[in-house]
Structures are given as structure tokens and as C-alpha cells.
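Please look over the structure below before reading on. The report is written for someone meeting it for the first time.

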Amino acid sequence: MARTRAQIARKHSTGAAVAPEPPRPDRTRPNGSLVVIAAAVASLFLFWYFHLLTLGQMTQLSGGLAMPDMMIGGYDAGYVERLRGAMDDDARGQLSYLHRTAGTLFPLIFAFAWLLLIQLNAGRRRLRWALWAPVILFVVVDLWENVAIDAVLAEATPDAAAVALSSTLTVLRWVLLALSLAAGAASVFLPRRLRTAVGRDAGAGTRSR
């Protein structure tokens, strides 16, 4: 009785070691990298648009006084009072509108890009959360600062405590932005043995065999 090719192949392959299936390429990382690049470019554009373009142009409506958002070293109630006196209702409304649009989109898109960047490069859970922390805090502080600045500029007589809170948030916001940038750089440039859990996972896999 004639044998089929499949039967002959099974006969000759009996007892032979089966070649392991080659690992499939991981497409998650390349796709994630493209998303990070796109989000980083968008956040860079929003940073330029909000901080350098629109807030810079707002000085034309404030007699040359810088907006509180750009006061990296903070400000006091006297400065807020002078700024409020130099800006009319339309100018303050325009600043509030900027806070609700570009001033909200920038921290959210920046945080998305940086959290994903850290996720892709930091394999150790504790390291990942340590690097995520300043990014998450930056978003909270930035959005809070927008509301605080609008509130103090809306008051006829700025409250000293409210101005102190707003100024603190502004300084903290810039500090956290710098720390967030450093965290993203650390997730990329730290030695691989420090930011990945390959050795620990390999050891666990060996013990489970």
C-alpha cells in the first residue's frame, strides 16, 4: 500500500527533536515608540504656542508685565495687583481662555508622552513609579495653577494667602517640569541593568523549570 508523503514524513520524524518555533517579533515597542514621538512633538508645539507665543503676546495687553505663569521665581500680591490694574476684563478673559485650552492640553499631552516613554523603557516597577511620580504631580499642579491664577486676577483686591498659593504652584510647576524631563531622560539613558528586570525575571524562570 502506497504511503502518502505526510505518513512518510511522520515516520522519519519519530523520535527526532522538534525544532522550537522562532519567537515572533514584538510589534508593541515600535508602535509605542511612534506614539511617544507623535505625542512629544505635539507637547513641544503646545509648549511653544502657550508659553512663548500666546503668553508672550499677552504682555501687549498688560503694559509689558509678564503673565504669572512665566514668573519662574514666583510673585507677590503687589505684582498681581499691578498686573490686574494693567489688564482690563477682556485681557483677563483672554488669559483665562488660554488656561482652559492650550494651558490644559499641554500638561495632559506632555504627561501622556512622558508616562508612555517611561513605561516602554523602565522595566522595574519601583523605578517606573519613581519616574512617573514627578510627571503625575506636574499635571495636577499645572492644572491647579491655572485655576489659582484666574482666581487671584478676578479679585478686586488680591488676597495675600491666595496669591502665595498661586505663586507657590507656579514655582512648583516649573520645578516638576524640570524633574519630569529628567525622569524621561533617566528612563532612556540609565544603564540597562538598572532600568530593566531581565535578570530577576530570568532567575524566576529558571527556578520554575
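## Confidence in the model

This is a predicted model, and its protein chain averages a pLDDT of 85, with 79% of the residues scoring at least 70. Among the elements of the chain, the highest mean pLDDT, 96, belongs to helix 4 (residues 89-100), while the lowest, 45, belongs to helix 9 (residues 198-208).

Over residues 199-209 the pLDDT is below 50, and this stretch has zero contacts in the model beyond near neighbours in sequence. Residues 15-19 likewise stay under 50, and for them the model has zero contacts beyond four places in sequence. Where pLDDT is low, the predicted coordinates should not be read in detail.

## Helix 6

Helix 6, which covers residues 125-154, has 30 residues and reaches 44 Å from its first C-alpha to its last, close to the 44 Å expected at 1.5 Å a residue.

## Packing of helix 3 on helix 6

Helix 3 (residues 77-86) packs with helix 6 at an angle of about 70 degrees, and their axes are 9 Å apart. Because an angle of 65 to 115 degrees counts as roughly perpendicular, helix 3 is described as roughly perpendicular to helix 6.

On the side of helix 3 the contact is made by Val 80, Leu 83 and Arg 84, and on the side of helix 6 by Val 152, Leu 153 and Ala 154. By class, this contact has five nonpolar residues, one charged residue and no polar residues.

Technical notes: Residues are numbered from 1 along each chain as its sequence is written. This is a predicted model: local features need pLDDT of at least 70, side-chain atom pairs count only at pLDDT 80 or more; totals for chains, interfaces and linings use all residues. Side-chain values use heavy atoms; hydrogens and water are left out. pLDDT is the predictor's confidence in each residue, from 0 to 100. Helices (H or I, at least four residues) and strands (E, at least two) are DSSP runs, numbered from the N terminus. Contact means heavy atoms within 4.5 Å. The expected span of a helix is 1.5 Å times one less than its number of residues. Axes are lines fitted to C-alpha atoms, for helices over the stretch in contact, and angles run from 0 to 180 degrees between N-to-C directions. Angles under 35 degrees count as roughly parallel, over 145 as roughly antiparallel, 65 to 115 as roughly perpendicular and the rest as oblique. Ala, Val, Leu, Ile, Met, Phe, Trp, Tyr, Cys and Pro count as nonpolar, Asp, Glu, Lys and Arg as charged, and the others, Gly among them, as polar.
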